[in-house]
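Me: I'm new to reading protein structures. Can we go through this one together?

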Amino acid sequence: MLLVRRWVRVWPFTLVPKVVPALNTLAEAMEQAPAKTLRDPVSIAAATALQFAVFVLDAMTLWTMLHAVGSAGGPFQAFAGFMAASVAATVGPMPLGLGTFEAVSTATLNLQGQPVEAALTATLLLRGFTFWLPMIPGLILARRELRHEVHHSARRKQH
């Protein structure tokens with residue numbers, strides 16, 4: 001973020017927002033962020049610890065799913081499978097890592113001795129609980145908001 005703040009207004013980086021206009025908003029937000037906060041070691045350490053905790057909790061969820069399907073995988077196997085899948089989903093070409101995450105998680109768990117069936121089932125359960133299920137409230141809220149907006153725009157047209 002500090003590099004973006006410094007180089008966003010230097011050529012050739014000035015060309016990027018022209019190619020992707022949405023990046024202007026992102027660059028402006030990064031420029032407005034207080035530099036003191038960005039360099040605060042306590043904030044950085046807290047953010048790092050919290051992000052690591054998210055990875056550990058997601059890996060433990062995968063471990064729980066392995067046990068739920070009757071496989072006796074260890075927590076370190078689940079952590080390795082989850083982290084490999086997360087990296088692949090992040091750098092892979094598919095949006096949100098769809099398919100990439102599942103393939104790498106299943107393959108990693110299988111390479112560590114888990115049956116393919118158990119590894120795939122646990123991975124799909126993990127994605128269902130941590131990725132798809134949380135989308136339901138967002139979908140409901142978005143539909144409610146759209147319905148509200150349609151109702152108000154119909155009212156405006158009547159007046």
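Me: Which residues does R127 touch, not counting residues up to four places away in sequence?

Reply: Keep in mind that this is a predicted model. R127 sits in helix 8. Leaving out residues up to four places away in sequence, its partners are L96, G97, L98, F101, E102 and W132.

Me: Okay, and is R127 buried or exposed?

Reply: Look at its relative accessible area, which is 8%. Buried means under 20%. So R127 counts as buried.

Me: How do helix 5 and helix 8 lie relative to each other, roughly parallel or oblique?

Reply: Helix 5 covers residues 41-68 and helix 8 covers residues 116-132; their axes come within 8 Å and cross at roughly 130°. That angle is why helix 5 is described, relative to helix 8, as oblique.

Me: Which residues of helix 5 meet helix 8?

Reply: On the helix 8 side, the contact involves A118, A119, A122, T123, L125, L126, F129 and T130. By class, the contact has nine nonpolar, three polar and one charged residues.

Me: Which residues have the most contacts inside the largest nonpolar core?

Reply: That core has 13 residues. Helix 5, helix 6 (75-91), helix 7 (100-111) and helix 8 each supply at least two of its residues. The ones with the most contacts inside it are L62, F82, F101, L109, A122 and L126.

Me: And what does F82 touch, not counting residues up to four places away in sequence?

Reply: F82 is one of those core residues with the most contacts. With that sequence limit applied, F82 touches F55, D58, A59, L62, F101 and L126.

Key:
Residues numbered from 1 in each chain as written. Predicted model: local features only at pLDDT ≥ 70, side-chain atom pairs only at ≥ 80, totals over all residues. Heavy atoms only, no water. Axes fitted to C-alpha atoms, helices over the stretch in contact; angles between N-to-C directions. Helix = DSSP H or I, 4+ residues; strand = E, 2+ residues; numbered from the N terminus. Parallel < 35°, antiparallel > 145°, perpendicular 65-115°, else oblique. Contact = heavy atoms within 4.5 Å. Nonpolar A, V, L, I, M, F, W, Y, C, P; charged D, E, K, R; others polar. Core = buried A, V, L, I, M, F, W, Y, C linked by side-chain atoms within 4.5 Å. Buried < 20%, exposed > 50% of the residue type's maximum accessible area, 1.4 Å probe, protein only.
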